[in-house]
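Dear colleague,

Please find below the structure for your files. My findings follow it.

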Amino acid sequence: MSPISESKACVASAATPSITPSSTTCAGKRDDEADLERAESSMDTVDDESSSVAKDGKAVKGEEEEEEEVQPSFLKKLINFYKANDFLILILCAICLARAYPPLGADYLAPEITATWCSVIFIFLYAGLGLKTDDFATAFKRVYFNTFVQVFNFGFVSAVVYAGTRGLEAANILSPALSDGMVIASCMPMAINLVHVLTEAAGGDEPLAIINSAGGNMIGVFLSPALILGYLGVTGETQMTDVFYKLTLRVLLPVIVGQIVQKTMPWVMAIFNKYKLYYKKAQEYALVFIIYTVFCETFTTDTSSSLGDVFLMILFVLIFLIFFMISAWFTMGLLFRDYPEMRVMGLFGCTHKTIALGIPLVNALYEGNPNVGLYTLPLLIWHPMQLIIGSLLVKRLKKFVDEDNIRLGRGDEPSSTASTDKGIRHLTTAASSDLDSPNSTCHSNKTEPIKDEPTDDDAV
């Protein structure tokens, strides 16, 4: 056979192999492929386990790092505590310094000029620059609710406190100065920033909180002195015309000037907004300085009140505050039953009192009075007490709003409590922020009406 024929035979033989060897070869290939798949599967399993172990290791390492980050040093904790409670700490320090050496603030620092005029004018000039008058336009949409809140805060609270303290004074349980101080505190408008932050944290109606608190403070500039003078009268040689003359120069005129500057001088407002945080702190220090000089004058003059009287006054402020909160809650349950957000806002708005407007007003009304320190003491106690009680109620109120909205068909499931926890962490900051401009929260962007709020006819 020729080489060419032999090659053709080989090709033909390769093209048509016998059945038995082919079957054996295919079976071997399938076995090899199965072995290869098992090997790859086992390798993937090992890779997955290694990846899982690596992830677990990273997670454990991350948790350890988080634990290390969560545990700040003692100095850091101390600094954070001061930042959260700086105003209350400053008040305590001011009172202690006043007690240590009263003549410094009563005489040498010229409080009749620096505290009575300069500090008060600065506070209300800042208020005029920060007040947004446009926000009051929406208040007319909730006339009945707003009227209820303001009448309760100014009228009902002050009338009950006046009647109660007159009885306590007649029974020789409270001294006259502390009794008058509680009446003065009850005549003040609500605390703006504290009401706003508590309302937000508890799921209440934020726009109404802004409108009522800012509007109440604007009304309070006129109404609070009238209520105080109506309940307690004018003592000594001070005439009512003289009192309102000084209030006009120290309180109303700076607010009006601030409003004019806000509307006509945008370049001044640009500077004001740029350094607003510094102005807020300066206002807070101005209030602390007023409190310091007030207590210096108090400690300079002998008073008949004992430490027991002060503790009794603290007890009765607590009793009054709890009574007012319960009364407001159940009254709004009858009038605004299907509007839980409004009830939450009203609970705080009906009972809270501002220290930002109160201290300057008391200082202006009772300039030179030896009991002016005791007149301001109930307000200084009312302020932190409403913060403590409000913060304890925030989570319960948030839960109430969620459940009531489900009952009313306005929500499918309760909202997260994350915002509530965040709000609680900022409450102590709000206690200091309440000392900002009595109308500073009017800068909030959350002024749109909330859905499902009642109209005037619905509120009735």
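What percentage of the 460 residues in the protein do buried residues make up? They account for 44%, where buried means under 20% relative accessible area, exposed over 50% and partly exposed in between, with a 1.4 Å probe and protein chains only.

This is a predicted model, in which local features need pLDDT of at least 70 and side-chain atom pairs count only at pLDDT 80 or more, while totals for chains, interfaces and linings use all residues. Residues are numbered from 1 along each chain as its sequence is written, and side-chain values use heavy atoms, with hydrogens and water left out.

The protein contains 20 helices and 0 strands (DSSP runs numbered from the N terminus: H or I of at least four residues for helices, E of at least two for strands). Of the contacts (heavy atoms within 4.5 Å) with a separation of 6 or more, 87% are between residues 24 or more positions apart.

Ile314 belongs to helix H14 (residues 307-335) and is partly exposed, at a relative accessible area of 28%. Not counting residues up to four places away in sequence, Ile314 touches Ile381 and Met385.

With kind regards
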